[in-house]
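Please look at the sequence and the structure first.

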Amino acid sequence: MQVSDKSGFENISINNQEITPSFDAKNPPNPQLIDACVHCGFCLSTCPSYRIIGKETDSPRGRIYLMDGINEGDIPLSPAIAQHFDTCLGCLACVTTCPSGVQYDQLIESTRAQVERNHPRSLPEKLLRQFIFSTFPYPNRLRVLLAPLLAYQKLGLQKLLRSQGWLEKFLPKQLAAMESVLPELTPQAFQDNLPEVIAAQGAKRYRVGMLLGCVQRVFLPEVNNATVRVLTANGCEVVVPKLQGCCGALSHHQGQEAQTLELAKQTIDAFADLNLDAVLVNASGCGHTLKEYGHILKDDPLYAEKAKLFSQTVKDVQEFLDHVGLTAKLSPLQDQPLAIAYQDACHMLHGQKISLEPRRLLRQIPNVQLRESVDASLCCGSAGIYNILQSEVGHELGEMKVTNLTDTGAQLIASANVGCITQIRKHLKLQNKNVLLMHPMELLDYSIRGKKLDN
Ligand code: SF4
Ligand code: SF4
């Protein structure tokens, strides 16, 4: 049975028990932060979910209204309302835009955790999420799936199924979306090959730790290898602690609190007592989360202080290299001018406010000319696992991003985030666009080694 409450929203009946789901007492979205919103609506045009869905309830302002309504008991946390929080990409563009300094990042962080605790998801949704959170953050579990996936690719099954459109036809849409971003697997994916300490070339300038990432080390190991070569060529001794796992970014962005805390503590422990000048990250989502550890672990009596200190040592690798300066000689990547469109990952641009640094590094490569795309600060729709969970919105954003990037006429797209790379690669293929896509560290690596793009 369903009845309406005073707000006009319907209460929900589960197992014949009428309930009005709401936020619980544990860290609901902070009313003071909510009150900072003056409802001006400046954030709407920069919000990717609002751009695609077009409803106030799928905008930052609308979601803040909903949070307030639930806090006040005027609106229930019903499945329809929870969906408006789920459609948020967590891209943080609204935080950059808001003239009133509304801390939407903190509001959505509390809300997501509340949704995970108090909103009963359907069984298929629950199973999918459980599968993702029990495999993606654990490289060794992910690697168990690699052999069948490699066979699927090498035997031509993937090509056949994709060309016939059977995956979209016969798989649930979220599984089809997951398959659609699967990168081409290489033998390097099966194990971590980097030694624990890699010596600097020439005089040692710094001793730095490097985060391998969970999905990145499996799906884009070449980016980690390139990063190590760039760092060592620029006088850094690189330490790659064996004990490191996932940093917790994936779980953090989806409100999986317990898993986030556990993974954050493990990461802090893995990099402890190594006498490092900095802990470097080459994936923007991970970098943003590592810099947030002080906030994430603020209530943990054992880790609060350690987390704060750890976060202070974290740098995005481009931020670090721009700051300390490149010392290795750079060669052109091709003899003619090379037009590159640098794609700003949201957690780099909005989360870490890093945009000039990667561009300054790329401009140092001889013959490189940077091109800027329309809507450069709009999310590509990857947003962690958003392109799997909210596949339609993610798909439209991916399409738009690739159109905008390729409309610049660039021969190459540079992107510094594993999720963005897989999303953009998928849409380049779908749009039959023959444009190269590389991580800036791979470009610097080629340039340092004198390797040309067509080699
Ligand atoms: S979040 Fe900021 S920009 Fe958006 S409506 Fe509120 S005050 Fe205005
Ligand atoms: S985080 Fe991104 S998707 Fe979410 S409300 Fe802000 S701008 Fe919109």
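User: On what basis is the model described, and from which number are residues counted along each chain?

Analyst: This is a predicted model, in which local features need pLDDT of at least 70, side-chain atom pairs count only at pLDDT 80 or more, and totals for chains, interfaces and linings use all residues. Chains are lettered from A and ligands numbered from 1 in the order in which they are written, and residues along each chain, as its sequence is written, are numbered from 1.

User: How many helices and strands does the protein chain have, and what is its radius of gyration?

Analyst: Helices (H or I, at least four residues) and strands (E, at least two) are DSSP runs numbered from the N terminus. The protein chain has 26 helices and 11 strands. The radius of gyration, taken over C-alpha atoms, is compared with a globule rule of 2.2 Å times the number of residues to the power 0.38. For 455 residues that rule gives 23 Å, and the chain is close to it and therefore as compact as a globular protein of that length, with a radius of gyration of 22 Å.

User: What percentage of the residues of the protein chain count as buried?

Analyst: A residue is buried if 20 or more other C-beta atoms lie within 10 Å of its own, exposed if 12 or fewer, and partly exposed in between, with C-beta atoms placed from the backbone. The C-alpha atoms fill a box of roughly 70 × 55 × 45 Å along the principal axes. Of the 455 residues, the buried share is 45%.

User: In which order do the strands of the parallel open sheet stand, and which strands are at its edges?

Analyst: Two strands pair if DSSP finds at least two bridges between them. The 4 strands of this open sheet are paired in parallel, in the order E9-E8-E10-E11. Each edge strand has a single partner, so one side of it is left without a neighbour in the sheet; these strands are E9 (368-371) and E11 (436-438).

User: Which residue of E11 is the bridge partner of Ala414?

Analyst: Strand E10 (residues 412-415) pairs with E11 in the parallel sense over 3 bridges. Within this pairing, the partner of Ala414 in E11 is Met438.

User: In the mixed open sheet of 5 strands, which residue of E7 is the bridge partner of Val279?

Analyst: This sheet has the strand order E3-E5-E4-E6-E7. Its edge strands, E3 (197-198) and E7 (314-316), each pair on one side only. Strand E6 (residues 278-281) pairs with E7 in the parallel sense over 3 bridges. The bridge partner of Val279 in E7 is Val314.

User: Which strands does helix H17 touch, and what angle does its direction make with that of E7?

Analyst: Axes are lines fitted to C-alpha atoms, for helices over the stretch in contact, and angles run from 0 to 180 degrees between N-to-C directions. Helix H17 (residues 284-291) packs on the sheet, touching E6 and E7, and its angle with E7 is about 155°.

User: How many residues of helix H26 are buried, and what covers them?

Analyst: Helix H26 (residues 440-449) is mostly covered, with 9 of its 10 residues buried. Contact here means that the C-beta atoms of two residues, placed from the backbone, lie within 7 Å. The cover includes helix H14 (221-233), helix H20 (317-324), H22, E10 and E11.

User: Are Leu92 and Lys353 buried or exposed?

Analyst: Leu92 has a positive phi of about 70° although it is not a glycine, and Lys353, also other than glycine, has a phi near 55°. Leu92 lies in the loop between helix H4 (79-86) and H5, whereas Lys353 is in the loop between helix H21 (346-349) and helix H22 (356-363). With 20 other C-beta atoms within 10 Å, Leu92 is buried; with 11, Lys353 is exposed.

User: Which residues come nearest to ligand 1, and which are the closest to ligand 2?

Analyst: A residue is near a molecule if its C-beta atom, placed from the backbone, lies within 6 Å of it. Helix H3 (60-72) and helix H5 (93-97) each supply at least two residues of the shell around ligand 1. Of the 14 residues around ligand 1, the nearest are Cys37, Cys40, Cys43, Arg61 and Cys98. Around ligand 2 there are 13 residues, and the closest are Cys47, Pro60, Cys88, Cys91 and Cys94.
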